[in-house]
Amino acid sequence: MLMCTTTLKNQLFYCVLLVFSILKLPAQQYRDVDFTRAEAQLSIDPYKREVSGTVSYDFQLRKQVDTVYLDARNMKFDKVVLNGSPAQYTYNGRYLVLNDSFENLSKNKLELTYRVNPEKAMYFIGWNDSSGIGKKQLWTQGQGRYASHWIPTIDDRNEKVEYDLCICFLKGYNVLVNGELKDVNDNDTLTKWCYDMKRPMSSYLLAIAIGNYHKTTAVSRGGVPLECYFYPDDEELAKYTYKHSTTIFNHLEEEIGVKYPWQNYKQVPVRDFLHAGMENTTLTLFSDNFMVDSIGLKDRDYSNVCAHEMAHQWFGNLVTARSDTHHWLQEGFATYYALLAERKLLGDDYYYWKLYRSAEMLAEQSAEGMGEAVMDPKANSLTFYEKGALALHRLRAITGDAAFRKGVKDYLQKHAYSSVETSDFLDEIAASSGKDLTGFYQVWLQDSIFPTEEIMSDLRKNKFVDTYMRLVAGEFSEKEENALLEADVYYPVKQYIIAKRNADTVDVAWNRKLFASGDFHLRQVLAMSLERIPPDLKSEYESLLQDHSYITAEQSLFRLWRNFNADAPRYLDQTKQLSGFRDKSLRILWLALAILTPTYPDVAENREEAKARWRNELLGYTSENYAFEVRRNAFAIASQIGLFKDNAALKNLVNACVHHVWSFASTSRNTLVKLLKEQEYKDRLEELLPQLEAKERKYLESVLK
Ligand SMILES: [Zn+2]
């Protein structure tokens, strides 16, 4: 390992050398060196947060070089063996560089024995939790984080390797890795899980997920095993969450026209995930917040995430964008193909509605002078995902269905298991359609200005979008709007009319009729659009509490409580059993309102005990034992009910400030900074310092200054 030590002069010299040696590494090693296969035998100790073991790589040289490097972050190497002999190498904590004459170009084997405590990319969840509430898990996230935090590898996505991993882990857990499970072996305390991949992939798609899971297995029309994982007590939820998985998989394979390129497909929910989902090859991980029951399904459907990550198995995993300039070849395609799969499930209006909503946002961004080109490597996700998807929708309209589908198929087959640029795709579409795509390329991929007129006139060919656009433009009379409410038209049109009218004045008779419709979408917008509930509509509004929607129940409970406070105990009684989403937003609202209602529960002598119990429940939700989504909801109402009077809540808040999910850490930091404006909290937090973990203490000290 290279270290900057000794005198300042030497230090500078050494650091210059170090920088030089980093710069000297070929930026595009993949052009000269081809790593073909990796075989790893790793042990993971979740309590020490340590990975150790051996990984061996087969590689070939396309031309004579004298150095070959791997990415390896903060590792300790016990052995580095090249072609059977100890290797000449340097390691600076970041790169492992082999220096050799590499006499045999076509056949080299490198064996690395190492250990590491990964700082990122591998996350250990719940291993400190002795309460038994939280679930013990381990999962990895490669994209944007780098697998080289836990395994010496090649971070460059253009280097595709066939990875076969064996993982040794504590008995009693499921260990999931890319590829097919070949072998499971137990000893007294450990189980060894060996997985096999048949085809190469980029290292950012390498993944491990470990936890306590059950699964169901379906088989796709083409014979691919589809495994859906769930926590042991979520069997019922799995039925609803994964309801459309097999159908979506079959739709995608049929639409894309290229056989699914891997051995199997697994979907695994994990806690405290960094994204909605991640398309690791054959092993999609997604936020367990998407696990829903039959009621939750209406408002939070996993289908879109499910289809998006599946589509990536072709677009991203089979063909990988060579650089960020071509990132839309992954995200634009996954977004577009997810919509195509959903179109089969939910219909044309759904498809056009989603595209229209994206187009609206992009038009606004562009009108504000913030438009971005799809091929701008620094573009935001709205551009990569949504503008990219709209570009494909337009391209298909320009070329026609058959030519588009043939072009996509040829593109995937020609570049399978390698990396691609935008021209690789457009060349195939130009060939299959015989069209000159120069104009499309300029307008849709190169220009930062969004072609609002072009896309809107395309989308309004769908009758529903046309009606919606005319409605927003104010083209309909009140009578025509009323007719639309009665008509068989997609629900956003009706929701728009209701929200707009109720924002002006509330017509009791008109609203009463809408309540009576029994329509889920209409009743949901009624719940949200009536900030002040006219007493004449009270009983209709109260009936919303019984609707099969957690969002409707949450919205209406809060408004009823505020509008008719005297009846609060009755509303609380009616909703005390509702479970809500996994993020507990409904339960947390209920607890807050129950604590804040002086007359609840009815029997006065039970009140003190009940309120203390509810307060404790809420306090519990701020702790590390719960997922960050639950904690975020609990912290959001903590100040209002004086939860921070308790030191445990303050400690939990400081812990949240150093959480790996940045958005959660950030809102927690804002809350902490607000508290610190009061001397009382400042003093109490200072007193807590000695009880905190090192990372928490360091952070708190930095803000106390
Ligand atoms: Zn994606």
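This is a predicted model: local features need pLDDT of at least 70, side-chain atom pairs count only at pLDDT 80 or more; totals for chains, interfaces and linings use all residues.
**Ground rules.** I number residues from 1 along each chain as its sequence is written. I take helices (H or I, at least four residues) and strands (E, at least two) as DSSP runs, numbered from the N terminus.

**Sheet.** I traced five strands in an open, mixed sheet, ordered β16-β17-β18-β20-β19. Pairing here needs at least two DSSP bridges between two strands. β16 (214-219) and β19 (277-278) are the edges; each has a single partner strand, so one side of each lacks a neighbour in the sheet. I then looked at β17 (residues 225-230) and β18 (residues 265-270), which pair in the parallel sense over three bridges. E227 sits opposite K266 in β18. Helix α3 (residues 245-256) packs on the sheet and touches β16, β17 and β18. Contact means C-beta atoms, placed from the backbone, within 7 Å.

**Helix α16.** I checked residues 520-529 for burial (20 or more other C-beta atoms within 10 Å of a residue's own, C-beta atoms being placed from the backbone). R523, Q524, V525, L526 and A527 are buried. The buried residues pack against α14 (491-504), α15 (508-516) and α18 (550-563).

**Helices α8 and α9.** I found that A403, F404, K406, G407, D410, Y411 and K414 in α8 meet D424, F425, E428, I429, S432 and S433 in α9.

Key. Two residues are in contact if their C-beta atoms, placed from the backbone, lie within 7 Å. Axes are lines fitted to C-alpha atoms, for helices over the stretch in contact, and angles run from 0 to 180 degrees between N-to-C directions. A residue is buried if 20 or more other C-beta atoms lie within 10 Å of its own, exposed if 12 or fewer, and partly exposed in between; C-beta atoms are placed from the backbone.
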